[in-house]
Amino acid sequence: MSELTIYNTYSRQKELFVPLTQDHVGMYVCGPTVSGESHLGHARPFITFDVIYRYLLHLGYKVRYVRNITDAGHFEEEGREAEDKISKKAVIEKLEPMELVQKYTNLFHWAMLQFNNLEPSIEPTATGHIVEQIEMIKKIMEDGYAYETNGSVYFDVKKYADKYPYGKLSGRVLDDLIETTRDLENQEEKRNKQDFALWKSAPPEHIMRWSSPWGEGFPGWHIECSAMSTKYLGDRFDIHGGGMDLIFPHHESEIAQSTVCNHEMPAHYWVHNNMITINGKKMGKSYNNVIRLTELFSGRNPLLTQAYSSMTIRFFILQTHYRSTLDFSNEALQAAEKGLHRLWCAYLDLKNLVYEPSKKREEALERQFYDSCREMDDFMNDDFNTAKVLANLFTLVNPINSFKSGDLEKSTISQECLDFTKTYFRNYIEHILGLRDENDPQNDRLKGVMELLMDIRRDARGKKDFVTSDKIRNQLARLGILVKDEKDGKVSYNFE
RNA sequence: GGUUCCGUGGCCGAGUGGUUAGGCAGAGCUCUGCAAAAGCUUCCACAGCAGUUCGAAUCUGCUCGGGACCUCCA
């Protein structure tokens, strides 16, 4: 069997995955900024890294998965004042900053549950680690790579670049950066344009503020991730993940901070997911084309022709390799919805297939089952190619359906092969890809009622009482429940 | 402007030298009380041009088009 290889943004190639500590993996993923509602674009990294987390667990690793909550608010440069994003909105909505943070944190957790994402091992908050961030800044200053101006502290990029390969992750050349860096306010506080803030002095109107050796202020753009990853995963850990748009400046800065502080490159493998686009453009606030997750689930957004379930979105995202852009459209989502439904029905049917012994055996078919299953391991090992995994699952949907309908005799594959396939489907569909049944009636009473209705329809059809049987089917259809007459005379149903 | 990635059939998307990706949609057939579902068969492709090669969607060059980052951003 193949071994796991991961594309490392730092080296720009796929590398064999070798954990720093045998059998253990440390993974840090940049989490949400809880100053607003998550949108479809935000869903991608968390689903991508959930699958990576699940796969590492499947391989038997003990994984510590750290995903932060950014609740301190990275400031934006708007107009003349640098403002704390969270505080600014808090004023508009007349809420306490922490009330806002709590609200959106809860909403984020709710969305993660909808997507069936496993909880990270540790979910640290930026505001809970101000002390660690200040300590880190002090260390960087002691080493001479940061300086204070007017109560703010800046990282000296130029000095760092003299000794370390600044820009390697993002493929940037320092001299180019100086030329292309946009003119920002307060530049005069910096020695060089490309320097970035470790600590910012808080103006009087700033609500979120903490005491520091440099006066009252708040942490800079990138220091929280360096401080928290160091604290929970150590100076050096295996995987650092996030969206591609974080490569520069966020991750580049993180590398610089951690390298000075810990004398080590923080992460071994830098993994970045690509963007979700809409009409070819990245989904983002500045483009005014965001679809919030709550809107996606409810269908209430002008861009949507219908609501989409969380599993449809998860499936949609996994049908594409994580490093490719994924273009949103209603057509594509609807295709995903139907595809997932077909896959899930076949999966349920597979679970219920019972081996029937006979002499007949089709070697080629049996080999197809074994090969298609085993190939999925190779696909996942090849930089988590979930698109190919799904393709293979689908190639087995046809024969599974044929077994069920009787077009193919079940005995054409062996008991062993059938069990093998069942195990692989369960592992991949539920444990690794993290899909789950959305149609299962939540309570037993409803289940009982549905079975009764199905019984009545079956009996009515048996008596050729089509008035009754049609009534059941038509009425249920209006409620969004699809009734199917199976080949074997049974009647089944699906919640749409 | 700098850096970088991409351009695959009606739509979404795998795929890096020779082999069916896959999903959705379309067409025909089978099954069915009628449906639905399912199965079988089938149509549609590699932006353009030139080159390398026995052979290219896959490598090289050019042209055209688009995206991302350079600023908070998943």
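**Phenylalanine 316 sits in helix H10 (residues 310-318).** The model shown is predicted, and for this reason local features need pLDDT of at least 70 and side-chain atom pairs count only at pLDDT 80 or more, whereas totals for chains, interfaces and linings use all residues. Residues are numbered from 1 along each chain as its sequence is written, chains are lettered from A and ligands numbered from 1 in the order in which they are written, and side-chain values use heavy atoms, with hydrogens and water left out. Helices, here and below, are DSSP runs of H or I with at least four residues, strands are runs of E with at least two, and both are numbered from the N terminus. Phenylalanine 316 has a relative accessibility of 4% and therefore counts as buried, a word that stands for under 20% relative accessible area, with over 50% called exposed and the values in between partly exposed (1.4 Å probe, protein chains only). When residues up to four places away in sequence are not counted, phenylalanine 316 touches Leu326, Asp327, Phe328, Ala332, Leu333 and Ala336, where contact means heavy atoms within 4.5 Å. The C-alpha atom of phenylalanine 316 is separated by 7.9 Å from that of glutamate 337, a residue 21 places away along the chain.

Aspartate 383 has a positive phi of about 55°, although it is not a glycine. Phenylalanine 384 is not a glycine either, and its phi is positive at about 55°. Aspartate 383 is buried, with a relative accessible area of 0%, and phenylalanine 384 also counts as buried, at 3% relative accessibility.

**The peptide bond from phenylalanine 248 to proline 249 is cis.** The omega angle of this bond is near 5°.

**Helix H4 (residues 130-142) packs against helix H7 (residues 223-233).** The axes of H4 and H7 are 9 Å apart and meet at an angle of about 100°; such axes are lines fitted to C-alpha atoms, for helices over the stretch in contact, and angles run from 0 to 180 degrees between N-to-C directions. H4 and H7 are therefore roughly perpendicular to each other, because that wording covers 65 to 115 degrees, while angles under 35 count as roughly parallel, those over 145 as roughly antiparallel and the rest as oblique. From H4, Glu132, Gln133, Met136, Ile137 and Ile140 meet Ile223, Glu224, Ser226, Ala227, Thr230 and Lys231 of H7. The residues of this contact divide into 5 nonpolar, 3 polar and 3 charged, with Ala, Val, Leu, Ile, Met, Phe, Trp, Tyr, Cys and Pro counted as nonpolar, Asp, Glu, Lys and Arg as charged, and the others, Gly among them, as polar.

H4 contributes Met136, Lys139 and Ile140 to the contact, and H8 contributes Gln257, Ser258, Val260, Cys261 and Asn262. These residues divide into 4 nonpolar, 3 polar and 1 charged.

**The largest nonpolar core holds 86 residues.** A nonpolar core is a set of buried Ala, Val, Leu, Ile, Met, Phe, Trp, Tyr and Cys residues joined through side-chain atoms within 4.5 Å. Phe17, Leu56, Ile239, Leu296, Ile313 and Leu393 touch the most other members of this core, and helix H1 (residues 40-58) gives the most to it, with 10 residues. The core draws at least three residues from each of domain 1 (5-273) and domain 2 (281-432), whose bounds come from an automatic or database domain assignment. Leaving aside neighbours within four places in sequence, isoleucine 239 is in contact with Ile6, Phe17, Val25, Gly26, Met27, Tyr28, Leu56, Ala267, Tyr269 and Val271. A second, separate core has 38 residues, among them Tyr28, Ile134, Tyr166 and Trp270.

**Domain 2 and domain 3 meet through 4 residues on each side.** The assignment for chain A gives domain 3 as residues 444-495, besides domain 1 and domain 2. The C-alpha centres of domain 2 and domain 3 lie 27 Å apart. As background to this view, chain A has 16 helices and 17 strands, and 52% of its 496 residues count as buried.
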